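Thanks for coming. I will walk through one structure, going from single residues up to whole chains. Please look at the sequence and the model as we go.

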Amino acid sequence: MLQIGIQTKNVIFDNNPEEGFELLKKSGFSCADFSLHSYLTNMSLYRFELNDFFNKSDGELEAFFKPHKKAAEVFGIKINQLHMPYPVYIPNGSKELNDYLFNVVAPKSMRICAFFDCPNIVVHGLKLARNLGSEEAEWEYTEEFLSTIAPMAKEMKITICIENIYTSIGNHIIEGPCCNARKAAERIDRFNDKYGAEVLGFCFDTGHAKLVGIDFEPFITTLGSRLKVLHIHDNDGISDLHQIPFTFTKSRENMASTDWNGFIQGLINIGYNKVLNFETSPVLTSFPEEMKSEVLKFIAKIGNYFSGKIKNNS
Amino acid sequence: MKVICELSGIIDYRRPVQGITDIKNAGFEQVAVSLNYLYKNETEFSADHQSFSEDYKSFIGKSRRENIHISVFRVPRIIYDIHQAVLFKIRQKAAVEAIKLCGEAGGQYVIVPPAFEEASGIKAWQMNRDYYLNLAKSACENNVMILIENQYKNYNGHMVRGIWSDAGEAAEWLDKLNELMGEERFGFCMNTGTCSLCGQDMHDFAASLGSRIKVVVLRDCDGHNEASMLPFTAVSRGQTQTDWLSLIRGLREICFDGGLILDIRDTVAAFSPLLRPQLLSFAKATVEYIRWQIEIEHSLKKYKSIVLFGAGNMCRNYMKCYGEKYPPLFTCDNNKELWGTNFCGLEVKPPEALRKIPSDCGIFICNIYYREIEKQLRDMGIENNIEFFNDEYMPSFHFDRLKRM
């Protein structure tokens with residue numbers, strides 16, 4: 001069976017990380033996706049607001065996260081992936097702000113990832129196509145950013161995973177960076193050849209893919225072994241809701257409007273044997289606190305269902 | 001670039017005179033015909049096919065008399081709940097008929113949906129290849145080009161990218177088909193509504209297909225529900241829902257010079273027939289605006305020299321994107337404080353300076369108060385050609401806007 005993971009946001013709290021990791025273990029998870037982006041949120045960054053969290057020295061950051069690491073070890077939860085704060089570049093932000101994101105937040109995130117012995121860090125590509133005029137020009141900036149952390153990744157044996165993300169026109173979501181599997185595969189291969197190591201991989205986000213009409217099976221199949229980690233969640237095809245898979249129907253027949261069969265088949269096609277990781281933290285705030293344990297168990301069971309389907313058909 | 005009006009929702013093929021008149025009065029000279037009404041359902045297909053076909057032929061004759069040219073035919077996307085083999089025959093018959101009608105009408109293109117649309121990748125290629133190659137024989141006989149079009153799939157109510165929505169894959173397909181034919185018999189029809197429903201980057205899409213794109217279907221929708229609306233009308237919170245910027249950038253980049261097919265059947269249906277003439281005139285103006293944006297450099301190329309009016313963000317954007325290729329002599333502005341200063345490498349002069357420019361020098365207004373400034377210049381007695389520049393769909397943008405503006 002594949003391992004099942006979930007993001008730590010809304011489960012693991014700094015004042016008592018043991019409680020959260022114990023809850024994850026009891027709910028059926030064996031892995032966690034550490035939500036480092038919770039410490040410097042995109043909402044605040046888009047308002048040009050920085051906090052002082054990443055002003056801490058590496059030693060202070062390690063001391064801060066030591067209880068989290070220890071608790072994860074105690075309860076046998078492997079931190080398999082970590083989400084770097086995003087965005088890493090704000091088009092209309094000041095030079096100081098963007099320099100801070102590139103030169104302080106990103107490398108410190110890498111070191112925190114290494115501290116957790118975490119093999120994968122998820123990053124967002126830069127959203128600059130509108131300003132620069134093309135996706136190709138946008139990728140050049142993303143690659144420039146990746147180049148600043150790739151040597152660290154090689155040394156620390158971490159794979160930086162680029163994620164399919166989106167951008168918005170009005171309230172219509174359209175594809176953003178890394179939504180073309182063929183380009184992503186070619187770029188990952190080229191990048192890794194350059195560094196002589198698997199420093200770059202892919203994080204497939206099911207919710208983002210649904211929002212921009214991506215056909216899961218061919219997308220995953222094209223990525224192949226470059227697919228390292230997952231963000232599994234569901235939505236209504238309109239907003240990025242990060243809800244439980246199989247939740248949304250859009251027709252009178254009440255069949256799931258997300259192609260989970262295609263998702264499973266894609267993973268079967270590529271022989272995926274890594275972690276089935278859920279990015280469903282909003283579920284934990286929408287359900288009553290008293291139901292948190294049951295909700296987590298239910299999510300883990302969906303992971304087990306996926307795992308069974310993948311293993312039985314591989 | 002041709003501007004083509006898709007007739008669906010506008011023309012009643014049994015009684016087409018009023019519709020043809022409305023289209024002609026709106027300024028359209030080219031139309032696209034869909035054979036949807038021939039294949040509404042299996043029963044109707046069997047019973048009324050002959051008479052419908054006659055209606056189409058009659059329509060072609062009437063259009064010709066009014067100098068309305070039918071340049072594109074569309075084969076309907078026929079979906080019946082019947083055996084695949086029977087459905088295949090119906091689809092093939094429809095395609096052959098459309099090719100024949102297109103040839104008879106002197107049309108250029110026939111948009112043909114796939115015979116097998118559920119497959120993807122190599123399987124889709126294998127299943128559809130022979131279908132298209134067989135149709136190509138008929139296309140050769142009738143001297144028309146077959147266009148394939150990006151499709152979406154409906155997965156339990158949610159739209160997902162279907163066959164040919166991967167532009168790179170579609171380009172490979174077309175090249176293979178044309179190679180097998182030994183000539184360019186196949187091209188691409190890019191459907192903006194389908195791209196929008198599938199959340200696609202239309203710049204990247206167009207750039208991947210390049211000159212293989214022969215026509216572009218312009219239609220708006222909210223990105224979630226199937227609709228064919230007038231461009232710029234699907235809006236939310238004051239913003240369009242379709243990424244027209246990416247489309248215009250993409251078509252400009254590939255120097256698109258094919259046909260722009262305006263498909264506004266849902267907008268037409270929503271308006272009263274009483275407003276149809278005005279609606280069609282406005283629709284024509286809208287598609288002409290899109291054409292003008294795509295061909296924005298054409299107006300710059302016309303002049304030996306140009307000057308700008310305005311020393312703000314629009315002027316700055318002009319200089320960023322076109323300043324090197326089409327350098328203005330200077331810019332001018334009504335703001336006295338700017339006179340004599342340098343802005344983006346241009347000297348800022350008072351409007352009076354326009355009295356001394358050569359007679360063949362074009363004046364490009366880089367300010368949204370276009371008509372007001374144009375009147376100001378005409379009232380000054382300036383007789384040079386005055387053009388409106390617009391920076392809404394620039395090839396690239398600055399990361400910031402000038403604060404003083």
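Which residues does A:Val275 touch, not counting residues up to four places away in sequence? They are A:Leu2, A:Gln3, A:Gly5, A:Cys31, A:Asn80 and A:Val229. Touching here means contact: the C-beta atoms of two residues, placed from the backbone, lie within 7 Å.

Before going on, some housekeeping. This is a predicted model, where local features need pLDDT of at least 70, side-chain atom pairs count only at pLDDT 80 or more, and totals for chains, interfaces and linings use all residues. Residues are numbered from 1 along each chain as its sequence is written, while chains are lettered from A and ligands numbered from 1 in the order in which they are written.

Back to A:Val275, which is found in the loop between H10 and strand S10 (276-278) of chain A. Helices (H or I, at least four residues) and strands (E, at least two) are DSSP runs, numbered from the N terminus. Is A:Val275 buried or exposed? A:Val275 counts as buried because it has 25 C-beta neighbours inside 10 Å. The cut-offs are these: a residue is buried if 20 or more other C-beta atoms lie within 10 Å of its own, exposed if 12 or fewer, and partly exposed in between, with C-beta atoms placed from the backbone. For a sense of distance, A:Val275 and A:Leu40 are 235 residues apart in sequence and 25 Å apart in space, C-alpha to C-alpha.

Just after H10(A), A:Gly271 has a positive phi of about 65°.

Next, some backbone details in chain A. A:Tyr86 and A:Pro87 are joined by a cis peptide bond, with omega about -5°. A:Pro87 sits in the loop between strand S3 (78-83) and helix H4 (95-115) of chain A. A:Lys157 is not a glycine, yet its phi is positive, about 55°. That residue lies in the loop between helix H6 (135-156) and strand S5 (159-163) of chain A. A:Lys157 counts as exposed because it has 12 C-beta neighbours inside 10 Å.

Chain A also has a hairpin, made by S6(A) and S7(A) with two residues between them. In its turn, A:Gly170 has a positive phi of about 60°. Strand S6 (residues 166-169) of chain A runs antiparallel to S7(A), and four bridges join them. Strands count as paired if DSSP finds at least two bridges between them. Within this pair, A:Ile169 stands opposite A:His172 in S7(A).

S7(A) comes up again where the chains meet. In that interface, 33 residues of chain A are in contact with 35 residues of chain B. On the side of chain A that touches chain B, the elements giving two or more residues are helix H5 (129-132), strand S7 (172-175) and helix H8 (206-211) of chain A. S7(A) gives the most, with four residues.

Now chain B, which has 13 helices and 18 strands. Its radius of gyration, taken over C-alpha atoms, is 24 Å, close to the 22 Å that the globule rule gives for 405 residues, so chain B is as compact as a globular protein of that length. The rule is 2.2 Å times the number of residues to the power 0.38. Of those 405 residues, 44% count as buried. The C-alpha atoms fill a box of roughly 75 × 45 × 45 Å along the principal axes.

What do eight strands of chain B close into? They close into a barrel in the order S1-S2-S3-S4-S5-S8-S9-S12, with parallel pairing. One of the pairs is strand S8 (residues 186-191) with strand S9 (residues 213-218), parallel over four bridges. There, B:Met190 has B:Val216 in S9(B) as its bridge partner.

Finally, a domain assignment, automatic or from a database, divides chain B into domain 1 (2-294) and domain 2 (298-388).
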